[in-house]
Amino acid sequence: MKQESKVTLTKYAICFGVEVLIAFLVIWSNGFFTGSPAVNLQITADAFFVAGLLMLLFAGMMYISGEGALLGVG
């Protein structure tokens, strides 16, 4: 396997780990095991939405900072 592929896979693995951690924290903070199956499904959907939204916003911030849009702030 090429070195570039290993670096890319490592970056994706770190992002996946962070996403799972965020989802787990949302599930845990909302009391997943105390509700009915319908409530548990809602909590799970909320957890994955929050994790996905945070990663999307972080990726957007990384993109616009790479383009130089935040140079004036510094």
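Begin by selecting Met-1, which lies in the segment before α1, where helices (H or I, at least four residues) and strands (E, at least two) are DSSP runs numbered from the N terminus. The model is a predicted one, in which local features need pLDDT of at least 70 and side-chain atom pairs count only at pLDDT 80 or more, while totals for chains, interfaces and linings use all residues. Residues are numbered from 1 along each chain as its sequence is written, and side-chain values use heavy atoms, with hydrogens and water left out.

Met-1 is exposed, with a relative accessible area of 73%; here buried means under 20% relative accessible area, exposed over 50%, and partly exposed in between, with a 1.4 Å probe and protein chains only. Not counting residues up to four places away in sequence, Met-1 touches Lys-6 and Leu-9, contact being defined as heavy atoms within 4.5 Å.

Next, select α1, residues 3–29. α1 has 27 residues and reaches 39 Å from its first C-alpha to its last, close to the 39 Å expected at 1.5 Å a residue; the expected span is 1.5 Å times one less than the number of residues in the helix. Within α1, show Ile-22, Ala-23, Val-26 and Ile-27 as buried residues, and note that what covers the buried residues of α1 includes α2.

Stay in helix α1 for Glu-19, which is partly exposed, with a relative accessible area of 24%. Leaving aside its neighbours within four places in sequence, Glu-19 is in contact with Ala-51, Gly-52 and Met-55.

Gly-31 is partly exposed at a relative accessible area of 24%. From Gly-31 to Gly-66, 35 residues away in sequence, the C-alpha to C-alpha distance is 39 Å.

Now select Phe-32, which, leaving aside neighbours within four places in sequence, is in contact with Ile-27, Asn-40, Ile-43 and Thr-44.

Then select α2, residues 37–66. The 30 residues of α2 should span 44 Å at 1.5 Å a residue, and its end C-alpha atoms are 43 Å apart, which agrees. The buried residues of α2 are Asn-40, Ile-43, Ala-47, Ala-51 and Met-55, and these pack against α1. α2 is followed by Gly-68, whose phi is positive, near 95 degrees.

Which residues make up the largest nonpolar core? Select Ile-22, Ala-23, Val-26, Ile-27, Phe-32, Ile-43, Ala-47 and Ala-51, the eight residues of that core, which is a set of buried Ala, Val, Leu, Ile, Met, Phe, Trp, Tyr and Cys residues joined through side-chain atoms within 4.5 Å. The elements giving two or more residues to the core are α1 and α2, and the largest share, four residues, comes from α1.

Finally, turn to the surface and select Phe-49, Val-50, Leu-53, Leu-54, Leu-56 and Leu-57, which form a nonpolar patch with about 570 Å² of accessible area together. Patches are made of residues with over 30% relative accessible area and no salt bridge, like charges being joined within 9 Å and nonpolar side chains (Val, Leu, Ile, Met, Phe, Trp, Tyr) within 5 Å; a salt bridge is a side-chain nitrogen of Lys or Arg within 4 Å of a carboxyl oxygen of Asp or Glu. Accessible areas come from the Shrake-Rupley method with a 1.4 Å probe, and for residues only the protein chains shown count as cover.

Phe-49, in helix α2, counts as exposed at 55% relative accessibility, and its C-alpha atom is separated by 15 Å from that of Ser-29, 20 residues apart along the chain. Leu-53, also found in helix α2, counts as partly exposed at 36% relative accessibility.
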